[in-house]
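Visitor: I am new to reading protein models. Please take me through one, feature by feature.

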Amino acid sequence: MAGQRHVGARSNNNFKLGIDGTFDGTNVLKVDGGQMSRDTTTFDMGGTMARPVALGGPVKFAPINFDLSFGMSARVMHWLNNCFKALPEYKTGSIVEADQMQIEQRRMDFYRALIQKIEISACDPKSADPLKISVTAQPEFIEYKEGSGAKLNVSEGNSRSRDFVVSKFRFDIDALGDVCEHITKVDALTYTVNTVDDPTGVDDVPGHVQTGVEVPTLKITYNPGMNAAVDAWAHASIRQGQAKEENLTTGSLTYFNLANEEIGRLTFERIGIHK
């Protein structure tokens, strides 16, 4: 018999993320995953009347998938930044569901979670979609509990998450200068963290170890005003060899809210053109 308990694919404005025992109002737009399972092995004990015996293997928990707005706390942002830098950081925390009065109803506590993937929305001035960060985290253990009935703290940033949209951005490639104003779209970015199972976990629950990070390929769309600069860079990089340091540059992707205030920035190093 197999049984599972998990969050299910649910979304509302009343999921909150807490890290290291601190709830500072980080809003979770959508959450799913976290199923618990255990593999079993069946043994035939022999004999005419013997029945097969099923023995349980290690307990396993599926990754947790959750979407965040750019109104997240500095504590959560630090966790994501360490992932970008290929610095593994295990976090213990909770995802709590609250009612309309922000009273805790139920919660999922996770332990020693390691980020496995971060996806950031594509930037498109013609889109009205919300700007979000989708995170996949692999915990070593999960507990489901009824809510405490306490009122959760909600930060100002979450109340303004509707102001964070994919149409407000600026992408700069330092080697190209002002012509970057002609960039019209930046495709979605996906950082993938490679992990392997560590059998030396706690009790019968295996752990996870980070082995590396796959950095996304930057794909941009631009209008003809940028052609000459890109063609010159492509000539130097592709024909003369992208590995040369003089053909590599730095850059940044800056996000703004509807009031044109900067809300976040990604920086990139050693950018080269290959296509």
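Visitor: Which charged end sits over the ring of Y90?

Guide: First, the rule. A charge sits over a ring if NZ of Lys or CZ of Arg is within 6 Å of the ring centre and within 35 degrees of the ring normal. Here, the charged end belongs to R112, and its distance from the centre of the Y90 ring is 4.0 Å.

Visitor: What should I know about the model itself?

Guide: The model is predicted: local features need pLDDT of at least 70, side-chain atom pairs count only at pLDDT 80 or more, and totals for chains, interfaces and linings use all residues. Residues are numbered from 1 along each chain as its sequence is written, and side-chain values use heavy atoms, with hydrogens and water left out.

Visitor: How many aromatic pairs are there?

Guide: Rings of Phe, Tyr and Trp (its six-membered ring) pair if their centres lie within 6.5 Å. Planes under 30 degrees apart count as stacked, over 60 as edge-to-face, and the rest as tilted. By this rule there are five aromatic pairs. Take F61 and F141. Their ring centres are 5.3 Å apart and their planes are at 75 degrees, so this pair is edge-to-face.

Visitor: Where in the chain do F61 and F141 lie?

Guide: Strands are DSSP runs of E with at least two residues; helices are runs of H or I with at least four; both are numbered from the N terminus. F61 is in strand β4 (residues 53–61) and F141 is in strand β9 (residues 141–146). They are 80 residues apart, so the pair links distant parts of the chain. Ring pairs also join F61, Y111 and F141 into a cluster.

Visitor: Is F61 buried or exposed?

Guide: Buried means under 20% relative accessible area, exposed means over 50%, and partly exposed is in between (1.4 Å probe, protein chains only). F61 has 7%, so F61 is buried. F141 has 34%, so F141 is partly exposed.

Visitor: Which aromatic pair is tilted, at 50 degrees between the planes?

Guide: That is F70 and Y255, at 4.8 Å centre to centre. F70 lies in the loop between β5 (64–69) and α1, and Y255 lies in strand β15 (residues 249–256), so the pair ties together parts 185 residues apart in sequence. Both partners are buried: F70 at 9% and Y255 at 1%.

Visitor: How many cavities does a search of the whole structure find?

Guide: The search uses a 1 Å grid over the protein atoms alone. A cavity is a set of points where a 1.4 Å probe fits but cannot get out. A pocket is an open set with protein on both sides within 12 Å along at least five of seven lines. Lining residues have an atom within 4 Å of a point. Grid points are joined across faces, edges and corners, and a volume is the space filled by probe spheres set on the points. The search finds one cavity of 30 Å³ or more. The largest cavity holds about 50 Å³ of space.

Visitor: Which element gives the most to the lining of the largest cavity?

Guide: The lining includes W79, N82, C83, L114 and I115. α1 gives the most, with three residues. W79, N82 and C83 are among the buried residues of α1. I115 is in strand β7 and is buried, at 2% relative accessibility. The C-alpha atoms of I115 and P88 are 8.0 Å apart, though 27 residues separate them in sequence.

Visitor: What classes of residue line the largest cavity?

Guide: Ala, Val, Leu, Ile, Met, Phe, Trp, Tyr, Cys and Pro count as nonpolar; Asp, Glu, Lys and Arg as charged; the others, Gly among them, as polar. The lining has seven nonpolar, two polar and one charged residues.

Visitor: How much space lies in the largest pocket?

Guide: About 920 Å³. Of its 29 lining residues, P216, T217, L218, F268 and I271 are the closest to its centre. β16 gives the most to this lining, with seven residues. By class, the lining divides into 17 nonpolar, six polar and six charged.
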